[in-house]
Amino acid sequence: MRVGTVKRKTKETNIEVEINLDGTGIYDVKTGIGFLDHMMEQLSRHSLMDLKVRADGDLHIDFHHTTEDTGIAIGEAFAQALGDLKGIRRYAEAHIPMDETLTRVALDISNRPYLIWKVDFSRDKLGEMDTELFKEWFQAFAQAAGITLHVENLYGTNNHHIVESCFKALARSLRDAIEIDPRPHNAASIRRKGALLVIP
C-alpha cells in the first residue's frame, strides 16, 4: 500500500492528514468548513484514495489559512505516498460534466509544480466560503504534491457545479495518473537494429 501521513502545525492551523493511494475511496474529513469537507470527500470518492483529514484553524478570522494549509498537507501526504514515482502512468486528463457544466483537468506528476487556473465565478461566496479560495487550495495542493496541473472550466453557470466538477476532474485524473503501468518504461532496454526495435 502507498500511504502517507503528514502533521502540519503553524500559528494559524493544526492539520493531520492520512492518505492511502491504493484505497477504495473511504473518507473521514473534518476541517470546520462544510463546503471544503464536501469537496475533499468528492476528491476521495472519485480518486479511490482513502483520505482522513483533521484541521483546526483560525476560522474566526476567515477560511483562508485552513483552506490553503489543508491543500498543502494533502499534497505533502500525496507526494510522500507516491515516493520515487517509479512506474506510474504520470500523465492523465479528465472531462467531467455536471448538469450544465463541463470542466477539464490535465496533469503531469512530474515534481515540477505549476498551476494553470482558468475558472471564473459569478458569486463571491458559496455558503460561507469565498470562491477565490478554491484557487488557493489547488495552488497549494499542486505545489506540495509536485504536480503540473491545468484546470479549465469550459462552460457552466452554477457556481456549485463549477467547483465540484473541478474537484471531480482532479480526482479522476489522479486516479489514472497514479496507476502503475504494466508496460516497461525503460527506454534504455530497447535497442534499434535497422528498421526494427528489438527488446533484448
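## Ser173 in helix H4

Ser173 is found in helix H4, where helices (H or I, at least four residues) and strands (E, at least two) are DSSP runs numbered from the N terminus. The model is predicted: local features need pLDDT of at least 70, side-chain atom pairs count only at pLDDT 80 or more, and totals for chains, interfaces and linings use all residues. Residues are numbered from 1 along each chain as its sequence is written, and side-chain values use heavy atoms, with hydrogens and water left out.

Ser173 has a relative accessible area of 0% and is therefore buried (buried means under 20% relative accessible area, exposed over 50%, partly exposed in between, with a 1.4 Å probe and protein chains only). Its side chain reaches the backbone oxygen of Ala169 at 2.9 Å. Beyond its neighbours within four places in sequence, Ser173 is in contact (heavy atoms within 4.5 Å) with Ala92, Glu93, Ala94, Val105 and Leu107.

Leu107, one of the contacts of Ser173, lies in strand E6. Leu107 is buried, at a relative accessible area of 5%. Not counting residues up to four places away in sequence, Leu107 touches Arg90, Tyr91, Ala92, Ile147, Thr148, Leu149, Leu170, Ser173, Leu174 and Ala177.

Ala177 lies in helix H4 and is buried, with a relative accessible area of 0%. The contacts of Ala177, leaving aside neighbours within four places in sequence, are Ile88, Arg89, Arg90, Tyr91, Ala92, Leu107 and Ile109. Ala177 and Arg89 are 88 residues apart along the chain, and their C-alpha atoms are separated by 5.0 Å.

## Helices H1 and H4

Helix H1 (residues 34-47) and helix H4 (residues 159-177) have axes that come within 8 Å and cross at roughly 35 degrees. Axes are lines fitted to C-alpha atoms, for helices over the stretch in contact, and angles run from 0 to 180 degrees between N-to-C directions. The crossing of H1 and H4 is right-handed, that is, the near helix is turned clockwise from the far one by less than a right angle.

On the H1 side, the residues that meet H4 are Phe35, His38, Met39, Met40, Gln42, Leu43, His46 and Ser47. Their partners in H4 are His160, Val163, Glu164, Phe167, Lys168, Leu170, Ala171, Arg172, Leu174 and Arg175. The residues of this contact divide into 9 nonpolar, 5 polar and 4 charged (Ala, Val, Leu, Ile, Met, Phe, Trp, Tyr, Cys and Pro count as nonpolar, Asp, Glu, Lys and Arg as charged, and the others, Gly among them, as polar).

## Aromatic pairs

The whole structure holds 9 aromatic pairs. Rings of Phe, Tyr and Trp (its six-membered ring) pair if their centres lie within 6.5 Å; planes under 30 degrees apart count as stacked, over 60 as edge-to-face and the rest as tilted. Phe138 and Phe167 form a tilted pair, 4.7 Å centre to centre with 55 degrees between the planes. Phe138 lies in helix H3 (residues 133-145) and Phe167 in helix H4, so the pair ties together parts 29 residues apart in sequence.

Phe138 and Phe167 are buried. One aromatic cluster is formed by Phe35, Phe78, Trp117, Phe121, Phe134, Trp137, Phe138, Phe141 and Phe167.

## Positive phi in two loops

Most residues other than glycine have a negative phi. Leu85 has a positive phi near 70 degrees and lies in the loop between helix H2 (64-82) and strand E5 (91-98). Leu85 is buried, at a relative accessible area of 19%.

Asp99 has a positive phi of about 55 degrees and is found in the loop between E5 and strand E6 (101-109). Asp99 is exposed, with a relative accessible area of 67%.

Conventions: Polar contact = N/O pair within 3.5 Å; in protein donor to acceptor, adjacent residues only side chain to side chain.
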